[in-house]
Amino acid sequence: MKLHEYQSKDLLSRFGVAVPRGEVATNREEATKIAEELGGNVVVKAQVLMGGRGKAGGVKLFTNAAEAGEFAGNLIGKKLVSIQNPAGMIVEKVLVGETVDIAEEYYLSVLLDRAAQKLLVMLSKEGGMEIEQVAEERPEAIVRLNVDPAWGLCDFEVRDAVLAAGLPKAAQSQMAKMIKQLVKATIETDAEMIEINPVALTPDGKLIAADAKVSIDENALFRYPDFQSTQSDSAEDPIEAEAARRGIAYVRLGGEVGIMGNGAGLVMCSLDEVNAAGGKPANFLDVGGGAKAERVKSCLELILMDDNVKGLLINIFGGITRGEEVAKGILEGFSSLNIDLPVVARIEGTGAAEGLALLEGTKIVPAATMQEAAQKIVALTR
Amino acid sequence: MAILVDKSTKVVVCGMTGREGSFHTGQMIEYGTQVVAGVTPGKGGTDHLGVPVFNTVKEAVVATGANAALIFVPAPYAADSVLECEAAGIPFVTLITEGVPTLDMLRVANRLKANGTTRLLGGNCAGIITPGECKMGIMPGHIFSQGPIGMVSRSGTLTYEIVWELTRAGLGQTTCVGIGGDPIPGTRFIEVLEMFENDPATKAVVMVGEIGGTDEETAAAYISKMTKPVVAFISGRTAPPGKRMGHAGAIVSGNLGTAQSKVDALLANGALVADKTSDVPGLIQSVMSKIGAGV
């Protein structure tokens, strides 16, 4: 679960990381007041979880509080659209923060290294906008350091990493401290990733996190009730947000064939088959193991919130999930949701015969295999 | 012959008295698995489904000689349960539970590796089955059959899909291993491939991977050294980059972990890669006849 910038900075400052002073505002008056308290030299940043928010006009620098407040007032309630997020997102909050003078920009992150089965710290002297290009063209410019799960980081390892990154003397011990703070924060908040880009070195030699991205492991949210309550706000799409509220694994993909299946692997495979048959999947949706009719109905409802959907593919291999429960859910969904779209269902495994019997004589088109189901639904939605 | 579990496997089920635990324990007993004990703290001394329940794993091991554990306990307590099994001296533990925090799994996987006494399979997996001998997991038993094919997979339902194809084509299985879809699996593809390579009964291997992580690529390098043929299938070929597809494991970032990089690595190392799940039996038949192991 991605946190907003203001939440990320709050989290980091709890672990001692220096962040710019600032607060979040939901209207013009609040924004003006915060900007006044900060002396008028402020940056106003839209708190939306989408890429390209700067280019979309969601970030601006000011030298007086009234103008900053006015800009914030206009921004709140407005929809920001970027190349990364063409559907756009409504701005509900802005962060009003002090402007940071930057002499040099570094990059620092902590994330999971799946191959090594350890946490990984990445540090570079060349922070800022072009970090991905640096990673691709000169990987040696990024220092990598694995964290021992039992010992954590040793001081000597951190010192070595800072020296290897080639940071100037003024930044060295501050960066060593920041690395340890970040690793501690990662472990104590179950973060999937913490990224500070840039870490700014100010002209007077202070190291400060000028931006921050934190993402928390959703499986660990039970440990953090505060984050849990904001979970659905963090989805980038309204249907995905509704899915998060319902506890359904759903990803919107933009095509016209709605897809429901059980098990992530089988659903991904269904998407591949729809693509192979010449269609475009509208979504990924995993009903989960052991789904009952009520949940199946709720899943159907979710898929149909997407107006692009022209037909449905249902692909179930019963194990814990029983075929007849899925069939009951489909039929209940059909009658209560007035579904008037072509539907192809492929049901195999536990309860398949009972399920298919229930669907007999209805408008639902049966298919014997996943491949056949994909071809049929693509033909019906052309 | 088989790998990891067989007729002699004596299973203790942690979290046996819960809803999922009860249902699947019943199914396992029906399949013929030796379920010798259950563990639920506070319910020790009772019986459930005709199986004695203990308060701790250690008590269960002492009383019944259990040598494998299957865990259904809820995600917040799953890591603790794995470590309890390790402390009780159980050499093989399968974790079915889905949604265990990644950092918990990171600590557990590293500790088990350092101690070297217990192998963990999962979490977020369907379990393991040696057809006709031992079903230790949540898979529907009737779709499996005995034969010479070893199978290893990250996805439960996709395993069922492909096993059903194999069984209908007359291609039975030695053992089917679900390693699970989480980012930090207790047992990885390469380790299972090594076990199949050393298992005399296994003549060919089916490997089912998906996008995310680089374990398929790592396993591919080992495949070039194997004497047994491997047929692979990778799901998520058309998943858009950067989107998370339900499995915590199925995340694509940059060029690493994409379906294409996995397919390329597998092909370059001599594996056959099926485009569709339904192509797997045909590819297996072709490699089996090539090595003279007719079926």
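Student: Into which domains is chain A divided, and how far apart do the C-alpha centres of domain 2 and domain 3 lie?
Tutor: In this predicted model, chain A is divided into domain 1 (21–98), domain 2 (104–227) and domain 3 (237–381). For domain 2 of chain A and domain 3 of chain A, the separation of the C-alpha centres is 42 Å.

Student: How many residues of domain 2 of chain B are in contact with domain 1 of chain B?
Tutor: Chain B is divided into domain 1, covering 10–122, and domain 2, covering 140–291, and the C-alpha centres of these two domains lie 26 Å apart. On the side of domain 1 of chain B, nine residues take part in the contact, and on the side of domain 2 of chain B the number is 11 residues.

Student: Are helix α10 of chain A and helix α5 of chain B roughly parallel or roughly perpendicular to each other?
Tutor: Helix α10 (residues 264–276) of chain A packs with helix α5 (residues 156–168) of chain B at an angle of about 65 degrees, and their axes are 5 Å apart. Since angles of 65 to 115 degrees count as roughly perpendicular, α10(A) and α5(B) are therefore roughly perpendicular.

Student: Which residues make that contact, and how do they divide into nonpolar, polar and charged?
Tutor: From α10(A) the contact draws on A:G265, A:L266 and A:C269, while α5(B) supplies B:T157, B:L158 and B:E161.

Student: Which parts of chain B does the salt bridge between B:E191 and B:R119 link?
Tutor: The side chains of this pair meet at 3.1 Å, N to O. B:E191 has a relative accessible area of 24% and is partly exposed, and B:R119 is also partly exposed, at 25%. The two residues are 72 residues apart, and the parts that they link are helix α6 (residues 189–197) and strand β7 (residues 119–122) of chain B.

Student: Which residues are joined into one network with B:R154 and B:E210?
Tutor: B:E210 and B:R154 form a salt bridge whose closest N and O atoms are 4.0 Å apart. Both partners are buried, B:E210 with a relative accessible area of 0% and B:R154 with 6%. Through salt bridges that share partners, the network joins to this pair B:E216, B:E217 and B:K262.

Student: Against which elements do the buried residues of helix α7 of chain B pack?
Tutor: Helix α7 (residues 215–223) of chain B is mostly covered, with seven of its nine residues buried. Among these buried residues are B:E216 and B:E217, which also belong to the salt-bridge network. The elements of chain B against which the buried residues of α7(B) pack are α6, β12, β13 (230–235) and α8 (259–268).

Note on methods:
Residues numbered from 1 in each chain as written. Chains lettered and ligands numbered in written order. Predicted model: local features only at pLDDT ≥ 70, side-chain atom pairs only at ≥ 80, totals over all residues. Heavy atoms only, no water. Domains from an automatic or database assignment. Axes fitted to C-alpha atoms, helices over the stretch in contact; angles between N-to-C directions. Helix = DSSP H or I, 4+ residues; strand = E, 2+ residues; numbered from the N terminus. Parallel < 35°, antiparallel > 145°, perpendicular 65-115°, else oblique. Contact = heavy atoms within 4.5 Å. Buried < 20%, exposed > 50% of the residue type's maximum accessible area, 1.4 Å probe, protein only.
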